[in-house]
Amino acid sequence: MYIPNTAGKRRATAVFLLPSMIGVVVFCLLPILASAVFSVMDYDLLMPMNTMKYVGFNNFARILTGSEFPKVLGHTFTYLILYLPLILITSVGQALILNKSFKGHGLFRTICYTPVITSWVAAAVVWQWVLSGKYGLLNQMLSTFGITGPAWLNSKEWAMPGIVLAAVWKDTGYYALMVLAALKSIDPSCYEAADIDGANGLRKLTRITLPLISPTLFLLIVINIIYGLQVFDSVLIMTNGGPGGATTVFLERIYKYAFKQYKMGLASAYSWILFALILIFTAIQFRLQRKWVNYDA
Amino acid sequence: MMRNAIAPRKFIRGTLFYLMLIVIILCTILPFAWMVSSSFKGSEAIRTIPIRWIPERPTLEGYERVFNMQGFSFARSSLNSLILAIACTIVAVGSATMAAFVFSKLPFKGSGKIFGLYLATMMIPGTVTMVPNYIILRTLGLLDTYTGLILPSLANAFGVFLMRQSMMSVNDAYMESAYLDGASLYRIFFQIMLPMVMPTLSTMILLSFMGSWNSYLWPLIVLTSTDKQTLQVVLGNMNGMYKNNEHVLMAGAVLTILPILVVYLVTQRYVDQGISLGGLK
Amino acid sequence: MKKTVTLFLVLVLALTLTVSALAEPVTITYAHFSGAGAQEETLKKMIAVFEEKNPDIKIDLQITGYDDYFTKLATTVGGNNAPDVFEMNMENYLAYMLRGACADLTGMVNADNYSAGTLEAVSSDGKLYAVPMSFSTCILIYNKALFDQAGIAYPNNEWTWADIQTAAEAIKALGDDIWGFYQPISYNEFYKSVKGNGGSLLNDDYTAFTVNSPENVAVLDAMLKRVRGENHVQPTAEEMAGRGDWDLFTEGKLGMIITGIWAFPTFTEKCSFDWDIVVEPGYATKSTFFFANVNCVSPSSEKKEAAAKFIDAMGSDPDIVQLRLDASWELPTIADQSKLTQYLEVTPPANRAAVFDSMDYAAAPPALKESGAASEIIGNVLSTLEMNDISAQEALDDIQSQLEDAGLL
């Protein structure tokens with residue numbers, strides 16, 4: 001927006017930005033700096049802070065050359081690769097449905113929201129049943145198509161896909177709300193020209209709707225990459241990293257190193273390795289946005 | 001004839017649509033249904049094969065025990081949670097929308113880099129920043145205070161990102177013409193920008209409220225006085241005690257949902273109103 | 001004259017300040033978890049008793065549920081804000097003590113009041129680092145109705161694991177959804193059980209791991225036999241399908257279970273059949289868990305004297321001990337066992353004496369500073385064994401090499 005750079009504008013900018021920045025500097029940047037310091041130290045959480053020893057890049061080397069790291073990478077990436085496309089499809093799809101009006105619309109909408117507010121504890125119980133190898137709902141449904149379902153959460157290969165299914169179920173309603181808000185912000189007059197030309201639903205969707213909400217879609221992708229690489233709650237409660245370490249992910253490792261083994265230095269180093277990963281992915285996304293994200297009103 | 005050709009097609013499409021809705025509903029609501037149903041089960045077995053959807057002997061015992069919890073007052077902790085959630089939401093939404101306005105419409109030299117910094121703060125997990133944050137609060141003397149819980153809400157990178165994306169789609173023309181007419185930036189922000197992003201703003205209010213209402217680990221660590229405890233912490237303490245009385249845990253889980261549902265219903269009405277341009281066209 | 005008056009006034013002022021400082025009650029912060037929920041009223045009564053007897057000490061109680069207690073405690077310790085007194089259980093006590101996070105309390109409490117076994121568990125190199133407060137133990141609980149149905153004799157103190165296996169098979173034969181026995185194949189169960197066969201995870205001076213010794217292999221073999229094979233007597237995680245072991249037992253679908261005495265209230269409430277207990281059978285000898293809750297003082301506390309007084313009272317003051325017994329809240333760790341007869345008189349179960357007999361065979365956890373890392377490695381391998389065909393020897397060899405590679409000693 002073009003506003004001349006007067007003192008008034010500068011003052012207003014400062015007023016608008018300052019509260020948020022103070023918060024970010026004090027409660028985000030400072031702790032992050034502290035964790036950067038920790039990452040090059042041998043820091044035992046339970047021992048006094050002055051017993052910290054500088055160890056240079058030892059923590060990083062230990063992690064990157066250990067046999068555990070490739071597995072953690074693999075598991076986290078598996079989660080992301082499975083989760084991202086699914087959540088995009090389901091949340092956009094659900095938002096499109098919620099944007100229509102039909103009988104029972106309000107009730108349907110609230111039902112779509114229930115997974116978001118269901119506690120993970122309750123969700124885990126039901127999902128463990130759904131994904132149960134012998135008695136589970138999913139495998140019973142698969143068997144009607146002649147497929148024998150795997151042992152899901154109790155199998156090393158299928159535990160992560162099982163977690164992805166539960167996570168998609170839980171998060172769809174959350175992200176659908178954001179897409180819906182974007183849909184509601186579309187001026188209906190944008191469709192007038194298309195209606196006159198007789199365009200059908202699919203064309204309107206791909207040529208008008210999606211481009212118009214592409215800023216929000218971009219947000220969704222970036223956020224889900226950032227959060228997906230930091231997946232934690234669902235893994236902890238569904239499998240706790242099991243079976244036999246088959247679903248270990250970055251956050252689960254970081255938490256256990258920090259609070260079960262008290263190795264705060266190692267945990268901090270792990271977070272910074274994760275940070276580098278997330279940064280790379282996000283930077284790529286921002287680069288790519290010029291190609292497909294449309295900010296014109 | 002045209003009408004007869006189209007009508008059956010519409011009928012099939014309509015039925016398919018409703019069929020799809022029903023499938024979605026079933027997939028979506030099962031765990032929630034289990035949660036509610038279990039809250040009404042008494043001392044009968046909660047986890048059975050196959051899952052029992054309707055309690056054998058429905059009882060309010062779970063709810064009674066939640067209300068009469070030893071040591072903690074359900075009413076008091078709910079009130080604490082409510083006050084905290086409202087305060088945190090106002091602080092979080094306020095600071096984030098204002099900052100988003102700058103990043104989307106009032107860029108200055110280096111603002112892009114600062115926004116990048118905001119994004120970067122989301123990339124470090126809270127697990128390792130928890131101890132430094134605790135030390136910061138301790139240094140500021142804010143342990144065991146509500147201020148200590150509310151102030152960190154100023155740092156809301158996710159909210160800034162969400163609102164920025166939404167604001168970037170707003171046509172500058174409206175605001176530039178208002179500026180030329182002599183409106184201050186503050187007026188432009190409140191009277192033009194905010195109404196135009198009302199759907200996303202309402203959604204963010206809901207998400208912030210939910211985040212604060214459900215927050216557990218941080219209040220657990222920061223608060224020590226029992227009369228300041230929030231509802232989630234109090235219910236969390238129940239976890240160890242009621243491990244084999246899951247109907248009580250589920251009753252607690254159901255009760256915590258209610259305020260969120262209320263906020264949800266209210267904010268979604270604002271989302272539905274869409275943009276209200278009024279006479280701007 | 002003026003000088004004398006001034007001196008006098010200064011003395012009076014000094015005296016007043018000193019007296020008021022002495023009269024000022026000392027406040028002690030106390031972090032606690034074991035009483036969260038069910039026993040909070042009892043805990044508060046105990047504290048009230050102490051405060052009455054010690055009017056110059058006030059206790060600031062901070063209760064947290066078990067699940068998050070240790071995360072919160074670690075954060076407060078790491079954040080330089082540790083509570084004056086904090087409760088510990090045996091698993092975590094060693095981690096804290098070996099890192100110097102527990103103050104030396106030698107000579108500050110009356111050691112004679114406490115049972116020798118518990119004192120030994122909280123002492124090291126002749127120094128005392130915690131004061132015991134309560135204990136519980138694990139025993140074998142069995143479903144009398146299922147035993148009657150199978151027509152076999154109830155377990156007794158002479159039984160070994162071979163007898164358990166036979167009985168479990170007989171009960172398993174009663175039906176497809178009935179199981180004979182349940183004991184998780186976990187780090188905790190493993191280190192405890194091997195002790196009963198003369199084995200252990202580490203050698204005597206803690207310089208090497210001895211995980212794959214023949215004694216250990218024999219024990220793991222027996223455990224695996226229960227959960228593998230066509231007629232296995234113990235349900236796998238798949239077969240449990242999300243239910244807990246307690247659920248299986250209270251539903252009458254499990255013949256025998258190894259669990260803690262804290263199960264008694266739940267089993268009393270939910271079991272519609274008769275049940276009783278015996279000491280866990282051993283391999284060569286018996287070996288049982290010893291779960292104690294102890295209180296430690298933070299080394300950075302400035303009120304160590306008062307703190308020591310408090311935890312001494314919590315562990316051995318007769319009125320406080322009586323409150324604990326009346327509330328059936330675990331057992332006090334006092335030396336004078338005659339006080340505990342009142343516990344024996346409550347039924348079910350009838351054979352409560354087994355609880356005390358178990359103490360004779362208590363096995364302490366390995367005193368390993370990196371027990372967190374070790375238990376994770378061991379747990380990862382053990383937990384998958386019920387689903388594959390890896391032999392006990394292979395599994396333990398694997399664990400041994402992983403532990404050695406991890407450089408935990």
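User: How many residue pairs are in polar contact between chain A and chain B, both at pLDDT 80 or more?

Analyst: This is a predicted model, where local features need pLDDT of at least 70, side-chain atom pairs count only at pLDDT 80 or more, and totals for chains, interfaces and linings use all residues. Residues are numbered from 1 along each chain as its sequence is written, chains are lettered from A and ligands numbered from 1 in the order in which they are written, and side-chain values use heavy atoms, with hydrogens and water left out. A polar contact is a pair of N or O atoms within 3.5 Å; within protein, one must be able to donate a hydrogen and the other to accept it, and residues adjacent in sequence count only if both atoms are side-chain atoms. Between chain A and chain B the count is twelve.

User: Which element gives the largest share of the side of chain A that touches chain B?

Analyst: Helices are DSSP runs (H or I, at least four residues), numbered from the N terminus. Elements giving two or more residues to this side include α1 (7-39), α7 (159-184) and α13 (264-292) of chain A. The largest share, 22 residues, comes from α1(A).

User: Which residue of chain B forms a salt bridge with R109(A)?

Analyst: A salt bridge puts a side-chain nitrogen of Lys or Arg within 4 Å of a carboxyl oxygen of Asp or Glu. The rule finds two across the interface of chain A and chain B. For R109(A), the closest N and O atoms are 2.9 Å apart, and the partner is D272(B).

User: Which residue of chain C meets K263(A) in a salt bridge?

Analyst: Three salt bridges cross the interface of chain C and chain A. In one, at 3.0 Å from N to O, K263(A) meets E370(C).
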